[in-house]
Structures are given as structure tokens and as C-alpha cells.
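Me: I am new to this one and would like to learn how to read it. Could you walk me through it, a feature at a time?

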Amino acid sequence: MAEIKAPVFPESVADGTIVEWHVTEGQQVNRDDLLAEIETDKVVLEVVAPDNGVVTKIIKQVDDTVLSDELIAEFEAGATSSADAPATDKEDSSAPTEAPKQEGYGDLPGRPPAPHIDEKDHKDQSPAVRKAAKESGVDPKDVEGSGRGGRVTKADMASPTIKADSSIKTDSGKPVAESVGERSESRVPMTRLRKTVANRLLAASQETAMLTTFNEVNMKPLMDMRSKYKDQFEKRHGTRLGFMSLFVKAATEALKRFPAVNASLDGDDIVYHGYYDIGVAVSSNRGLVVPVLRDTDQMSMADVEAKIREFGGKAQEGKLGLDDMTGGTFTISNGGVFGSLMSTPILNPPQTAILGMLAINDRPMAVNGEVKILPMMYLALSYDHRMIDGKEAVQFLVTIKELVEDPTMLLLDL
């Protein structure tokens, strides 16, 4: 008999929550088959089968909290499941259980009753999906699935998209949303990642003396350089040339000149970091994540572009690991890709500064006594005033502005 344990978490992660079991007790699995998913404060970790065999006992259920390297299931290598007595027989023989009424759905006047969910019809769904179905009263058969082969996931149940031919109807045959005048509501628990992000942002606003300084940068030199060399760059390095790589290199140079911006606070101590690990905020289906570029002073622009593209792909697939997001001495957030013209980024403690890149817009600018239309971008630097003086923050942001407006300064180390 072998033990299936939770992964070993790093020191920064205290525990995790089992969000989904992909197998049931007595199920036959092959080596490296996905058994369970554990959500931590930062990423979702996968637990896979160590060998061919049978999952004999599931110890930790969905929504249970697990510690690092804690036993979650028992496994028998080389065993086979019994075809005559499948693990689901016991469940199939039990009487169906009525789904509980949900506040704001089936127990208010004028609202249709919550549909009955019979788990016998959903043995192929994961326990997390069946649990969400019972809580919400939404039948997984009526939900558009985003998983492999159209499989309904827990995320689909959290924000369900009802199929056009859905069986969720009122007595008159119309969809529920229409029968209540498009005033339907749904209540779902926050994911562990969303709760962690919310708590960290709230702590950052309450526990730091956060201040933001703004500047604007003329993007025309950078855009001209990109247009001129993007084809050669992609042919030579196998990755596209974007704006982020130059901002990362410019920020790295500015961090060298202003060490306080690259430092962090630990109680009453100031920790000056002799390395440059820059986090890049990435939007994913699970929320905002911040993977970290390590030793950016030793990376080329091609290295930065390739790594950011890799992080973006991992984020969308939910494959970012704990090592990808641990640490970081400075963060860059590019809200401009979503059209944000002006915003104030919030610190990512224990870091003491974060750079916000905003949208590029053509604006009339005075140049040598003449009005010219130039592609301008606002930059925002939020910083902890306990650690960084206003003079340092302004000079840091001006340094980035100068390096971006004249990229040759980076090449010539000026």
C-alpha cells in the first residue's frame, strides 16, 4: 500500500485546499494520471499517480485544507479494480437527495423552484462540480463546459454559461433569466487566489505609506525602433519584439541607480537586494498572477520576451508553478493593454515600489515651439514613502522615461 501526499509547499505557502478529485475510490489509474488539484494562495498544484494501480481510499475530500506533504489518499500499485463491484455501486443504490433551497433562488415568491440534481446522472463529473451543482441548483448538463472534450469544470459552475437548448425552464417554458426580468443573481464563494489577492491588496493600502508619482513618455522612438527591427529580431531570436522587454531593461538600470526602490522592509530593517528579480503582472482565468523574471540584469531583451511569452501561456493554462511566482524585488503592471489611460497600481508587499504602464494614445505635444501629434504613454510609480523619498521616486521614474525615449542609452550604458 502506497501513500498519496500533497506536494511539498515552499516556506511562503502555509497550506492548500483540495478543489477537485479527478478519480473515485477503487478507480484504476495509470502512472502520471491526474488524481487531484490543490489550490494554494498562488497556484493550483496537480497530484498525479505514482504508478499504475488503484486509488483504494480518499482521505482528504474537496474543500479540505491540507498541509505540505500531508497524506491525502491511499494507493495500491499494480492492483486492478473489480469490474463486478465498481466503486460507484453503493452510491447508485442510494436514494437521490433533494438539493437544498438556496437563498435568493427557489425560496422567494415569484422565483421558480431550484431544479432537482440527481447525482446518478453525473457520475462522470468531478466531486467539486457535483458539489457546486447541489449548492447552486444548476444542472451541469445545462452548462457550457470549457474543459477537455466539453467537460464541465468547477470554474464553469462558478460562472455558468447556460446552453441555448438548456432544460432550465419555468412552467411557461421560458428561461429562468427571462421570467425574473433579467434580475437573476448567483452567489459563489471566492477562490483561494482571489481571497489572497484581496487580503494582500487591503494590507498594502492599510500597512504602507503608499504614494504615486506620474510622468509621461514619448513612445515614438521605441515604436520606430520596433517597426524597423521587429522582423530581424523575430528571425534571429524566434520571438516577437514587444515593448515590455525594453521597460524591463530600463527598470533594471534604474533600480541599479536607486537601490532603495529595489529594497524591501522587514520589520524595522531595510533589506537591500543585490539582484534584480522583476515580477510581471499577468491576467489569467483565475485572476491576477505575478510570475517573476530572475536576474534581469543578466537577461537579454530576447530572453525577457521569450520568458514573458512563456509565462503568459502557462498562466492561461493554469500551469504556473510556485517557483515561477516566489520572490521578486520590483513589479511592472501593464494595465495599458486593457485600455487604462490613468490608474494607480497597488504595492505588492514586501516590495516597496511598482511601475504601472498605461495606454498609448496620440496627443498634441509641444516640441521645440511646435505642436506635434505623438504617441504618449502615462507611467505611474507607486512607492512606500516610509522607505523611498519623493525625490528618489521622481528621479527613478524620470530615468525610465529617458531610457525608453532614447533606447540607445541602454546599449551604450549611459
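**Rings, charges and the core**

Reply: Gladly! Searching the whole structure turns up 2 aromatic pairs. Rings of Phe, Tyr and Trp (its six-membered ring) pair if their centres lie within 6.5 Å; planes under 30 degrees apart are stacked, over 60 edge-to-face, and the rest tilted. This is a predicted model, where local features need pLDDT of at least 70 and side-chain atom pairs pLDDT 80 or more, while totals for chains, interfaces and linings use all residues. Residues are numbered from 1 along each chain as its sequence is written, and side-chain values use heavy atoms, without hydrogens and water.

Me: How are the planes of Phe-258 and Phe-396 arranged, stacked or edge-to-face?

Reply: Their planes meet at 75° with centres 6.3 Å apart, so the pair is edge-to-face. Ring pairs also join Phe-258, Phe-330 and Phe-396 into a cluster.

Me: Is Phe-396 buried or exposed?

Reply: Buried means under 20% relative accessible area, exposed over 50%, and partly exposed in between (1.4 Å probe, protein chains only). Phe-396 has 0% relative accessibility, so Phe-396 counts as buried.

Me: Which residues have the most contacts inside the largest nonpolar core?

Reply: In soluble globular proteins, nonpolar side chains tend to be buried together. A nonpolar core is a set of buried Ala, Val, Leu, Ile, Met, Phe, Trp, Tyr and Cys residues joined through side-chain atoms within 4.5 Å. The largest here has 68 residues, and Trp-21, Ile-72, Phe-330 and Ile-400 have the most contacts inside it.

Me: Where does the charged end of Arg-226 sit?

Reply: A charge sits over a ring if NZ of Lys or CZ of Arg is within 6 Å of the ring centre and within 35 degrees of the ring normal. Arg-226 has its charged end over the ring of Phe-243, 5.5 Å from the centre.
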